[in-house]
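These are my notebook entries from a reading of one structure. I go from the whole chain to its parts.

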Amino acid sequence: MGRSYFVEEAVGQYLSDFGTKPKACVTGLLIGQCSPQRDYVILAIRTPPREEQNESNKNHHPKLADIDEEWVTGHASQLSRMLPGGLLVLGVFIVAAPELAKDIQNTLRKLVFSVEKSIGKKRLWNFTEEEVSDRVALHLCSATKKILCRTYDMQDPKSSAKPAEWKYQSGLSAFWLSLECTINVNIHIPLSATSVNYELEKNTTNGLTRWAKQIEEGVFLINGQAKDDDAELLEGQKKSSRGNIQHSIQPFDVKVLMQLSQSSGHRSTATVQVCSGSINLKGAMKCRAYIHNNKPKVKDAIQALKRDIINTLSDRCEILFEDLLINEAPEKKNSEREYHALPHRVFASIAGSNVMLCDYKFGDEMTGEIQERFFEILDQVVHGEAIHIAEEVNIGKYSI
């Protein structure tokens, strides 16, 4: 028996709307969450049109060969930055005319592996062996509205398609649980004389990789308590008169305790290095993760939050480097220090869901620019009042 995908009803309507044009061939991504028992799909997001496409053929490829794989994977990489902890790109979809059905599966297979590879390139954490490695490839016939859902194992490049169930459900993520924490960052990354010629981004990534390991090994307190990994997250919650657990709209408050880099029982491996400079990352980050409400385990909730902590700092650094590259200033020969503010995190609500997606803004960016990105990358119309700016100060201080 294949995997079961429980899908928000709004996703079905979203996909059906693309089928109103019989000759349409539309690509996009499926967003949701994996669990051992079942997977959840809460959003479908079409691939944004390229600038050179005119209004008459936006998103509509007359034939499969016109699908730009690099454009689809680039969109996936951009979109993954806007997902809080617990949410993943679960796969890809294509809405296509019946005459293209013969070659659809080959195209879907190619896209689903390329998307996963693209997203995983800069990931500073690894999936565990117990986690679901299947990703979904969905084909919707624009004429008959028939759905063909299959999965591929991302750990096996030669994986063959396996059938999967696609079930719609109303209000799928309306009562999902959230975890929040504010983590203070003070990372010092020395630049050795031998690595000074590396790109700044590479040096930063090396430092963040070491920091990410500390996060993975940290102790996480949920509402002030250390809980057993295999315990249910909702264990001890009050039940209503009907026997159902009363879901609180309040997120779980999480505190992160970082372990010392060396305990007294271990022999130090410290070395002396000649350094030509350093990178310092300082500030407070607001982190958030979501998890389904079907008897979630503590370890899965904490894992989702850990990954959000790691992702959000890594993504901010990457966004800053991209901004510096675009707006590259003349090199400062006599300047010993450079100070750059990392972008702040903002969250925005999704209609009909308890889940919020995120974006990053620099201090001089206006709300309208954030709204434009949400529409371009997530195909979501977000009103200004729905955007919540997290109260945080993030400074990247470079002294090279």
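I began with the surface: the accessible surface of the protein chain comes to about 21400 Å², and 49% of this belongs to carbon and sulfur atoms, where accessible areas come from the Shrake-Rupley method with a 1.4 Å probe and, for residues, only the protein chains shown count as cover. I kept in mind that this is a predicted model, in which local features need pLDDT of at least 70 and side-chain atom pairs count only at pLDDT 80 or more, while totals for chains, interfaces and linings use all residues. Residues are numbered from 1 along each chain as its sequence is written, and side-chain values use heavy atoms, with hydrogens and water left out.

**The chain as a whole**

I looked up the secondary structure and found 6 helices and 17 strands in the protein chain; helices (H or I, at least four residues) and strands (E, at least two) are DSSP runs, numbered from the N terminus. Of the 400 residues in the protein chain, 49% are buried, meaning under 20% relative accessible area, with exposed over 50% and partly exposed in between (1.4 Å probe, protein chains only). Among contacts (heavy atoms within 4.5 Å) with a separation of 6 or more, 77% are between residues 24 or more positions apart.

**The open sheet**

I then traced an open sheet of 8 strands, whose order is E7-E6-E5-E4-E2-E3-E1-E8 and whose pairing is mixed; two strands pair if DSSP finds at least two bridges between them. Its edge strands are E7 (162-163) and E8 (165-169), each of which pairs on one side only.

I noted that E3 is mostly covered, with 8 of its 8 residues buried. E1 and E3 run parallel and are joined by 3 bridges, and valine 7 has valine 41 in E3 as its bridge partner. E2 and E3, by contrast, run antiparallel with 7 bridges; a hairpin joins them through 4 residues, and cysteine 34 stands opposite aspartate 39 in E3.

**Helices on the sheet**

Helix H1 (residues 9-18) lies across E1 (4-8), E2 (26-34), E3 (39-46), E4 (88-96), E5 and E8, and runs at about 30 degrees to E3; axes are lines fitted to C-alpha atoms, for helices over the stretch in contact, and angles run from 0 to 180 degrees between N-to-C directions. Helix H3 (residues 101-120) also packs on the sheet, where H3 touches E2, E4, E5 and E6 and makes about 155 degrees with the direction of E4. The buried residues of H3, including Leu108, Leu111 and Phe113, pack against E2, helix H2 (69-80), E4, E5 and E6.

**A helix pair and a hairpin**

How do H4 and H5 lie, roughly parallel or roughly antiparallel? The axes of H4 (residues 200-216) and H5 (residues 298-326) come within 10 Å and cross at roughly 170 degrees, and H4 and H5 are therefore roughly antiparallel to each other; angles under 35 degrees count as roughly parallel, over 145 as roughly antiparallel, 65 to 115 as roughly perpendicular and the rest as oblique. Residues of H4, among them Leu208 and Trp211, meet residues of H5 that include Ile309 and Leu313.

Last, I checked E14 (residues 344-349) and E15, which form a hairpin with 6 residues between them, and glycine 352 in the turn has a positive phi of about 75 degrees. All 6 of the 6 residues of E15 (residues 356-361) are buried.
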